[in-house]
Amino acid sequence: MRAPAPTPKRTVYTEAMEIFHRAADLIGLDKRVRLELEEPDYEHIFYVTAKLKDRLVPLAPEQARDFANLSVTQVRNPEGLERLADGKIILNGRALLGSDVNISRGHLRLPDGNVYQLVPGESQRFKAYRVQHNQARGPYKGGIRYHREVSLDLFKALAAEMTWKTAISEVPFGGGKGGIQIDPRSYGREELENITLRFMYRLKSLIGPNIDIPAPDVGTNGDIMALMYRQYSDGERERHNLRGIVTGKDVRIGGSEGRAAATGQGVAFCIEDYFAEKGETLKGKTFTLQGFGNVGSHGAAILQKMGARLLAVNDADGTLFNGDGIDVPALIAHVNDPKNLRRSVLGFAGAQKIEKKDFWEVPADICIPAALGGEITADVAERLKVKLIAEGANGPTTPEADRVLQKRGIDMIPDIIANAGGVTVSYYEWIQNKRMERWSEAEVNQRLEHAMKRNYRIIRDISRNQARRSDTHDSRPFCIGKEVDPRCAAMILALKRIEAHYLLEGFSQ
């Protein structure tokens, strides 16, 4: 008797690809093209090792009682003590050299009154990934994520999304994504530098300025990109020609003006265009924001300048509310305060603390999920009291939640257009590096605004089956003869642009 075929396992990747299959069915995507896009070109899993530094680990109060008579160690070089978000302290260099050190059974007391256990640094292994999804339209392109909750399936989903996003943005890239399974807040600056350099050493044979171009993502930033560039180009004869190996760099080393704010800026441009079509501006509009990292903080600051008011904000450590509006620049200053080791909104004096469950029920015009994926579930979608969701994060809304939002008539600006500002300006940075040019922030933002609004308008037309040509866009080649939801419309635009490359160029044998 033949065993029944196994039921396909539902994963974050299969869930993310549901919209792909729905759009592919609607447009009758060529079968071979569909097979090319259903799975990534390459899936790389490897490991990096690094030697960690000595640490001081704080004892719980009940454990510290055993060291009640331990005198305080007077530290002569406080700068050598690097405090981490989890309460541990990294000993950098000769942090305790010249200090009056009092140690009892491997424990010491610092001037803050706490007792710490001295834990010698050991070598540690970290799991690393790079998924290269598709390169029909150009080099693989996608971020580097440092986060404790990453997996191959997650990076497959994110790499595929980059394939769709670059096609929607009309930049000549494909999709990729990768990173390390790590909580960067639990490691010191030098440790993260060593881990990053080793990561790029292992990654170097897989990438290149015309092959695969990483960028910042959750847990990484321009500093990490600078380290990756240095490791990749170190010792090369034409080092300056390799500056485009990563984007999202500091402007002083070849980064683009406007790149740091680009993803949040793109979200704001889409929201502005959404209301402009209705004959409205953002003046007086209210919004809630989940996530206050790069995307959320820049997006909130830009929207506030446009006249909108932030009512509530949530991040991994806390949730805040102020019915009169939260002062975004003051909140940014609070998050970036060196004493705020968690870089969290928690503790900000200009708003009251509320529970996360209450965050989703704050009445507002707009909700911007700009944290991690899967945050807006069907249950959350039932409780939302907003008119519009603009997805700053990748995949923040589950398929079940999508159906609830459609039923409730809550409008959606899907992630593959809303947060495409980052990859669009990454392309501008890559071009500037190639040409050895420097564009002004005004020029970058002007190009970005034109690109974002043009493609968003095409998506709206596809959704409404409103084929037309205007001064800014032409949606006639993409409408399919029936109305579809905005997320499906965005995918239709991506697939039609990708399919054209295969149908016109053919397949290599």
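Mentor: A residue is called buried when its relative accessible area is under 20%, exposed when that area is over 50%, and partly exposed in between. The model under discussion is predicted.

Trainee: Why does Asp461 count as buried?

Mentor: Its relative accessibility is 0%. The cut-off is under 20%, so Asp461 qualifies as buried.

Trainee: What makes Arg468 and Asp461 a salt bridge?

Mentor: The closest N and O atoms of Arg468 and Asp461 are 2.9 Å apart. A side-chain nitrogen of Lys or Arg has to lie within 4 Å of a carboxyl oxygen of Asp or Glu, so the pair meets the rule. Arg468 itself has a relative accessible area of 30% and is partly exposed, whereas Asp461 is buried.

Trainee: How many salt bridges are found in the whole structure?

Mentor: The search finds 46. One of the bridges joins Glu400 to Arg10, with the closest N and O atoms 3.3 Å apart. Glu400 belongs to helix H13 (residues 399–408) and Arg10 to the segment before helix H1 (12–16), so this pair ties together parts that are 390 residues apart in sequence.

Trainee: Why are Glu400 and Arg10 called partly exposed?

Mentor: Glu400 has a relative accessible area of 32%, and Arg10 has one of 46%. The term covers what lies between the 20% and 50% limits, so it applies to Glu400 and to Arg10.

Trainee: How do you know that Lys156 forms a salt bridge with Glu43?

Mentor: Their closest N and O atoms are 3.6 Å apart, and the limit is within 4 Å. Lys156 sits in helix H5 (residues 152–169) and Glu43 in strand S1, 113 residues apart, which makes this a link between distant parts of the chain. Lys156 is buried, at 9% relative accessible area, while Glu43 is partly exposed, at 37%.

Trainee: Which residues are linked in a network of salt bridges?

Mentor: The network consists of Asp273, Glu277, Arg457, Arg460 and Arg464.

Trainee: What makes strands S8 and S9 a pair?

Mentor: Four bridges join strand S8 (residues 140–147) to strand S9 (residues 175–181). Pairing requires at least two bridges, so S8 and S9 count as paired. The two strands run parallel, and His147 has Gln181 in S9 as its bridge partner.

Trainee: Where does helix H6 pack?

Mentor: Helix H6 (residues 189–203) packs on the sheet, where it touches S1, strand S7 (123–134), S8 and S9. The direction of H6 makes about 140° with that of S1.

Trainee: What is the strand order of the open sheet, and why are S1 and S10 called edge strands?

Mentor: The five strands follow the order S1-S7-S9-S8-S10, with mixed pairing. Strand S1 (42–51) and strand S10 (212–216) each pair on one side only, and this is what makes them edge strands. On average, neighbouring strands in this sheet are turned by 25° against each other, direction ignored.

Trainee: How do you know how many disulfides there are?

Mentor: The count comes to zero. For Cys367, the nearest cysteine sulfur is that of Cys270, 16 Å away. A disulfide needs sulfur atoms within 2.5 Å, so Cys367 is in none. The sulfur of Cys488 is 12 Å from the closest cysteine sulfur, in Cys479, which is too far for a bond. Cys367 is buried at 0%, and Cys488 is buried at 0%.

Trainee: Why is Arg454 called buried?

Mentor: Arg454 has a relative accessible area of 18%. That value is under 20%, so the term applies. Arg454 is found in helix H16 (residues 441–464). Apart from neighbours within four places in sequence, Arg454 is in contact with Glu170, Thr472 and His473.

Trainee: What is in contact with Leu448, leaving aside its neighbours within four places in sequence?

Mentor: Its contacts include Ala262, Phe269, Gly421 and Tyr428. Leu448 and Phe269 are 179 residues apart in sequence, yet 8.8 Å apart in space, C-alpha to C-alpha. Leu448 is in helix H16 and counts as buried at 0% relative accessibility.

Trainee: Which residues of H13 are buried?

Mentor: They are Pro399, Ala401, Asp402, Val404 and Leu405. Their cover includes H1, helix H2 (18–27), helix H12 (378–383) and helix H17 (486–505). Gly409, with a positive phi near 75°, follows H13.

Definitions and conventions:
Residues numbered from 1 in each chain as written. Predicted model: local features only at pLDDT ≥ 70, side-chain atom pairs only at ≥ 80, totals over all residues. Heavy atoms only, no water. Axes fitted to C-alpha atoms, helices over the stretch in contact; angles between N-to-C directions. Contact = heavy atoms within 4.5 Å. Buried < 20%, exposed > 50% of the residue type's maximum accessible area, 1.4 Å probe, protein only.
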